[in-house]
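Welcome, and please open the model in your viewer.

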Amino acid sequence: MNHRMSFTPYEEIDKEQLKNDIEAIKETIGNPNEEDFQHLLKMERWGRIATFSGYGLIALVSLVELIWGISGFLFWSMALVSAMLISIGNFSRWANVVHPILHGAYDKVPNVPEKYTRKNFAKGSRRYLDWLDWIKPEAWSYEHNIMHHYHLGEEEDPDCVQRNTTWIHESGMPMWQRYFIVYALMVTWKFTYYAPNTLRILDNKKRKEEDKLGITHLEWNPKKKNGFELWMDYILPYAMIKFIVIPALFIPLGLTAVFNALIVVLLAELFTNIHSFIVIVPNHSAEDIYMFDQPTKEDGEFYLRQIMGSVNYNTGSNLIDFMHGWLNYQVEHHLFPNLPLSQYQKMQPLVKDVCKNHNLEYRQESVFKRAKMTIDLLVGKSKMLRVYGV
């Protein structure tokens, strides 16, 4: 921890100058254009290729099994590859496509098709075409785009890992049980955390407008209003299509093919949860990341907090960035959430220079190292840093 003493303390940063320097970067990069939009379409194609390749492999394996038979080893090898491909497609749809579009990243591209704008993407019945997941698009958009991005590390940040896992740290349970809970959460977190939590945050917005007390727990009981909505609007639509309708499409290849498809999509769901957890959760959680006990007071302070409260992973080629869901540019993304993915590659060296000039720590490490640091935080082996009273 001593290496951080060489960086300028929070209260001594010239926040007005930092604001000017950061906003100058956006001017340098320029407005979103057709090239940025074409880059999005390329990322979308890569994800769709992975998805359809995975389902195609299920069909191929099932056909071979039906006609000639197949060994257990070969079946499971191909099933795992198929599940991984579908999982990459699932993850990519969320991180590489849904995420920037719902931030409005392509709204200002001239003549962009309306379905790629924040106003129209995944709205109403388009949810089934654009992004059917455990999470309802409008709930995630509010929870993530508003509450997380503009309250990073604060009391109102719904995704503050240390705050959300206080119950584990204070439980008194042995360490092996803590690790068991964390790994169980890792393989199910879109279903067990993100779906009910985004619903809770969106409902609390309505409750605040009506001067009602907010809900502090995740509601699963279908007899309660939120629990009923969770099952009917969030969980069942996705589960029915993913685990019943899609496997049923393989009926022409026999019941064994249907069973094969079900196994693969279940495996893909586990892989998607693990992939997204490892990439998303460590972005703002470790012993070198800051929490804040008061809201921001000015733009310069907002930018400062995005830098001090975020970490990047390895960056470089489109393939590396695709597999990270472009969340490996988390510092840049939090400075300017509504920029196209391709612009983060261009602005990263400029942001690094600004951090160097202001003597700010710019964190960038392997996603696997950051995931380990996050797990240490989740089980209570470490704590995040805090800024008090500023």
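This tour visits the pockets and the residues around them.

This is a predicted model, where local features need pLDDT of at least 70 and side-chain atom pairs count only at pLDDT 80 or more, while totals for chains, interfaces and linings use all residues. Residues are numbered from 1 along each chain as its sequence is written, and side-chain values use heavy atoms, with hydrogens and water left out.

Start by selecting Pro 158, Asp 159, Asn 164, Tyr 193 and Asn 197: of the 47 residues lining the largest pocket, these are the closest to its centre. A pocket is an open set of points on a 1 Å grid over the protein atoms alone where a 1.4 Å probe fits, with protein on both sides within 12 Å along at least five of seven lines; lining residues have an atom within 4 Å of a point. The volume here is about 1200 Å³ (the space filled by probe spheres set on the points, which are joined across faces, edges and corners).

Next, colour helix H9 (189-209), which gives the largest share of this lining, 10 residues. Helices are DSSP runs of H or I, at least four residues, numbered from the N terminus.

Now move to the second largest pocket, with about 670 Å³ of space. Select Arg 48, Thr 51, Asn 90, Leu 132 and Lys 242, the closest to its centre among 28 lining residues. Which helix gives the most to this lining? Show H2, which supplies six residues; helix H2 spans 34-67.

Definitions and conventions: Helices (H or I, at least four residues) and strands (E, at least two) are DSSP runs, numbered from the N terminus.
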